[in-house]
Amino acid sequence: MKHFLNIFIGLFLIVIQTTVMPHIPIFERFYDLLTPLVLYLSIFRPVRETTVIIFIFGFLMDNISGGPFGLYLTVYFWLFLSVRWAITFLHVGDSFLLPFVVAVGVLMENLIFIGADAMFEQNLQISQIMINTVVVQVLWAIFTGPFFLMLFNYSHRRWDRWTKKIFAQKS
Amino acid sequence: MFSKKMVMIVGVIAMMAVNIILLSVFNRRYISYYRPGRIAVSVIAPFQKASSKSIRFLRDIWYHYFFLVHVAEENDTLKKTLDKSFEKNIRYKEIQLSNSRLRSLLDFKKTMTDPVLSAEVIGTDPSPWFKTVLIDKGKEDGVRRGMAVVVPKGIAGQITEVSSHYSKVLLIIDPNSAVDALVQNDRSRGIIKGDAAGALIFKYVLRKHDISVGDIVVSSGLDGVFPKGLVLGQVSDVFKPKAGIFQEVTVRPYVDFEKLEEVLVVLNRKKPIEPSK
């Protein structure tokens, strides 16, 4: 049941990211909206639930993006591993750390993209535009990332309450 | 024998190595969709289509009914007329030049009369690092990998992946795109490549050619993908380094890729690349 909510949220975010945001100039260099979802699931949800979603959306994103196949799967997988490792010694769910968690996640995603580009593209040069893109995305992540995490948290709590109520009525 | 930390470090390094190898293996940028990939696109594309149509519908209502109805309509018509005139102008100039050089082998008529299929852009690439769009026409509409995608103002890109009802177009501003091109006036040849800034780089143009800012760059047709004579852009910067045999030429594309909504897929080009099985 839980997967339905995550799949719905993920699909909604992809559609917004690929159809609505390109029409709004201010969001021209917004970060990947699935990054906060992956981070939220990695921090707050069970491993099994998270890995299923990572596989589904990594696969979907790889198929609609122009990058090499497996790039988004790689990004989400390493984000998940890094967060799971970080929560062993850091309380990343802390409201003070949340903006930085999303920002670091976005930075990591961009570094993997640039790394992959460097791997497949000869004579890749780091241009000012590339640096600007990364900086703008990280800044967006610092200021908006925590809101996404709070929104996901709120949706999951509502969903849990709703499903519990339905199952209680049935039994 | 080994500490837990050591095992973990070795494990992470091994995973990274496996990941890089897998990425290299699966780097199927030019490999057509396999079945699960087609399903994935078929899952997401209808939502994108519905969302794009809704946005266009709302925007059209805003522009045409709430905001200067007549002016907007007149503007649309004028823009379309201007696009057509622009395309005609470039085409006539090409024909004139080729006639003057008595190159009878050039079959412009055939090139320009290739059948085309109109398609709507339903989604853009989720990443700012890659420049692709999804269109609402696929294999069942006759679209094949390798077909050229054009708009009235020039070349937009090339079909790189096809599913039943949708296709992915690699735009010419993507760093992985390459178009064989020539300068319209002096016929100097080179390869047009995309760059991260959304401009075009005209590569491998010999130093001896005298190219100036404002020159128009058109497709040469020699790559077997794009019809000859379609406009790519205008030279915006020329730099001749002291060493080397090539000059560095930057081209500003005529097509506004931020506002790409409808495109034409050129069907029945000589040899569209067959999808791999």
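View 1. Strands are DSSP runs of E with at least two residues, helices are runs of H or I with at least four residues, and both are numbered from the N terminus. Two strands pair if DSSP finds at least two bridges between them. This is a predicted model, in which local features need pLDDT of at least 70 and side-chain atom pairs count only at pLDDT 80 or more, while totals for chains, interfaces and linings use all residues.

**View 2. The hairpin of β6(B) and β7(B).** These two strands pair in the antiparallel sense over 5 bridges. Look for A181(B), which stands opposite G190(B) in β7(B). The hairpin has 5 residues between its strands. Which residue in the turn has a positive phi of about 60°? That residue is R187(B), and R187(B) is not a glycine. R187(B) lies in the loop between β6 (178-183) and β7 (189-194) of chain B. R187(B) is exposed, with 12 other C-beta atoms within 10 Å. On this scale a residue is buried if 20 or more other C-beta atoms lie within 10 Å of its own, exposed if 12 or fewer, and partly exposed in between, with C-beta atoms placed from the backbone.

**View 3. From β7(B) into β8(B).** I191(B) stands opposite K203(B) in β8(B). This hairpin has 5 residues between the strands, and G198(B) takes a positive phi near 85°. Y204(B) sits in strand β8 (residues 200-206) of chain B. Although Y204(B) is a residue other than glycine, its phi is positive, near 60°. Is Y204(B) buried or partly exposed? Y204(B) counts as partly exposed, with 14 C-beta neighbours inside 10 Å.

**View 4. β9(B) beside β10(B).** Strand β9 (residues 216-219) and strand β10 (residues 231-239) of chain B run antiparallel, joined by 3 bridges. I216(B) has Q234(B) in β10(B) as its bridge partner.

**View 5. Another closed barrel in chain B.** Here 6 strands run β1-β2-β5-β4-β3-β12, with antiparallel pairing. On average, neighbouring strands of this sheet are turned by 45° against each other, direction ignored. β3(B) pairs with strand β12 (residues 262-266) of chain B over 2 bridges, in the antiparallel sense. V149(B) stands opposite V265(B) in β12(B).

**View 6. Where the two domains of chain B touch.** Domain 1 (62-174 + 257-266) and domain 2 (178-253) come from the domain assignment of chain B, which is an automatic or database one. In this contact, 20 residues of domain 1 of chain B meet 18 residues of domain 2 of chain B. Two residues are in contact if their C-beta atoms, placed from the backbone, lie within 7 Å. On the domain 1 side, at least two residues each come from α3 (69-100), α4 (108-112), β3 (148-151) and β4 (154-162) of chain B. The largest share of that side, 4 residues, comes from α3(B). By class, the domain 1 side has 10 nonpolar, 4 polar and 6 charged residues. Ala, Val, Leu, Ile, Met, Phe, Trp, Tyr, Cys and Pro count as nonpolar, Asp, Glu, Lys and Arg as charged, and the others, Gly among them, as polar.

**View 7. Chain A against chain B.** The contact takes 33 residues from chain A and 33 residues from chain B. Which helix gives the largest share of the chain A side, 7 residues? It is α1(A). The chain A side has 17 nonpolar, 12 polar and 4 charged residues. With 19 residues, α1(A) reaches 26 Å from its first C-alpha to its last, close to the 27 Å expected at 1.5 Å a residue. That expected span is 1.5 Å times one less than the number of residues. Buried residues of α1(A) include N6(A), I9(A), G10(A) and I14(A).

Notes. Residues are numbered from 1 along each chain as its sequence is written. Chains are lettered from A and ligands numbered from 1 in the order in which they are written. Axes are lines fitted to C-alpha atoms, for helices over the stretch in contact, and angles run from 0 to 180 degrees between N-to-C directions.
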